[in-house]
Amino acid sequence: MDPIIRVEGLRKSFGSNVVLRDIDFQVMLGEVVTIIGASGSGKSTLLRCINLLETPDAGHVWFHGEDLASRHVDVNRLREKIGMVFQGFNLFNNMDVLQNCTLAPVTLGKMGREEAEAEAMRNLESVGLAGFAHAAVTSLSGGQKQRVAIARALCMKPDLMLFDEPTSALDPEIVGEVLSVMRDLAAQGMTMVVVTHEMEFAKNVSDKVVFMDQGVIAESGDPGKMFSSPELPRTREFLARYLDGPKAGE
């Protein structure tokens, strides 16, 4: 089986600051890949390069076997199949919940309004917010906004979902409601790449964990191995607080 995403030799700098250094990795269909690492290690930049929200300086990103960096590729067409959930929600405050969810499929001509609204209601139901379809975005809690953002991304029927620290802007008591939706998506077979500091999610939901350090993939592998016996001292140092702390249920 070919990977749905393959990244090769990816490099990205902002001025003199080198953020990504020759990144290679791949994601298979149905996999959940979590990317962990300290702030500033390049995690979010890597995610944004995958769907060309940031333009790489060098290297390639293949999606469904097509190189997004090629001038002959219709990037917008391919990007329609990549859902993105941001740390800061990025909802339109001048629209209600349903309008946020139907805007892209209707504007891009993927669906008529009636079909788009039916699809939106299915996805809002799946995240537990069908009753908020006509609510003002500004009236929602942070957790509700993020669940709307997930439903909105699903309305384009993506093949791949990217999550950029989706819980980091949330109050601790409502993080769980967003992670629960993400667990459900993983259980349904959605292909996901998740930048996160939620180590329990990375350990228990991932098929593969990628540890980034100073712009490189320092280590990656099965979550059981990564969390029980990481190979590199830097990985162990990063995970030390989690590895040495109390485990759930203790």
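The legends below describe close-up views of a predicted model.

Local features are given only where pLDDT is at least 70, side-chain atom pairs count only at pLDDT 80 or more, and totals for chains, interfaces and linings use all residues. Residues are numbered from 1 along each chain as its sequence is written, and side-chain values use heavy atoms, with hydrogens and water left out.

**View 1. An aromatic pair, Phe211 and Phe238.** The structure holds one aromatic pair. Rings of Phe, Tyr and Trp (its six-membered ring) are paired if their centres lie within 6.5 Å; planes under 30 degrees apart count as stacked, over 60 as edge-to-face and the rest as tilted. The ring centres of Phe211 and Phe238 are 5.2 Å apart and the planes stand at 35°, so this pair is tilted. The pair links distant parts of the chain, with Phe211 in strand β9 (residues 208-213) and Phe238 in helix α9 (residues 233-244), 27 residues apart. Helices (H or I, at least four residues) and strands (E, at least two) are DSSP runs, numbered from the N terminus. Phe211 has a relative accessible area of 0% and is buried, while Phe238, at 22%, counts as partly exposed. Buried means under 20% relative accessible area, exposed means over 50%, and partly exposed lies in between (1.4 Å probe, protein chains only).

**View 2. Arg6 over the ring of Trp62.** Arg6 lies over the face of Trp62, at 4.0 Å from the ring centre. A charge sits over a ring if NZ of Lys or CZ of Arg is within 6 Å of the ring centre and within 35 degrees of the ring normal.

**View 3. Helix α5 and what covers it.** Helix α5 (residues 142-154) has 13 residues, which at 1.5 Å a residue should span 18 Å; the C-alpha atoms at its ends are 19 Å apart, which agrees. The expected span is 1.5 Å times one less than the number of residues in the helix. Twelve of the 13 residues of α5 are buried, so the helix is mostly covered. Among the buried residues are Gly143, Val148, Ala151 and Leu154. The buried residues of α5 pack against β6 (82-85), α3 (97-107), α4 (113-126), β7 (160-164) and α6 (175-187).

**View 4. Helices α5 and α6 side by side.** Two packed helices are described by the angle between their axes and the distance between the axes. For α5 and α6 the angle is about 25° and the axes are 9 Å apart. The axes are lines fitted to C-alpha atoms, for helices over the stretch in contact, and angles run from 0 to 180 degrees between N-to-C directions. The two helices α5 and α6 are therefore roughly parallel to each other. Angles under 35 degrees count as roughly parallel, over 145 as roughly antiparallel, 65 to 115 as roughly perpendicular and the rest as oblique. Gly143, Gln144, Gln146, Arg147, Ile150 and Leu154 of α5 meet Glu177, Val178, Val181, Met182 and Leu185 of α6. Contact means heavy atoms within 4.5 Å.

**View 5. Arg147 in α5 and Ala187 in α6.** Arg147 counts as buried at 12% relative accessibility. Apart from residues up to four places away in sequence, Arg147 touches Val127, Gly128, Leu129, Glu177, Val178 and Val181. Ala187, by contrast, counts as exposed at 70% relative accessibility. Ala187 and Thr167 are 20 residues apart in sequence, and their C-alpha atoms are 19 Å apart in space.

View 6. Neighbours within four places in sequence aside, its contacts include Ile4, Val27, Leu29, Asp159 and Met161.

**View 7. Positive phi at Asp22, Gln214 and Leu52.** Asp22, in strand β2 (residues 17-27), is not a glycine but has a positive phi of about 50°. Gln214, in the loop between β9 and β10 (216-221), is also not a glycine and has a positive phi of about 55°. Gln214 is exposed, with a relative accessible area of 63%. Helix α1 (residues 43-50) is mostly covered, with six of its eight residues buried.
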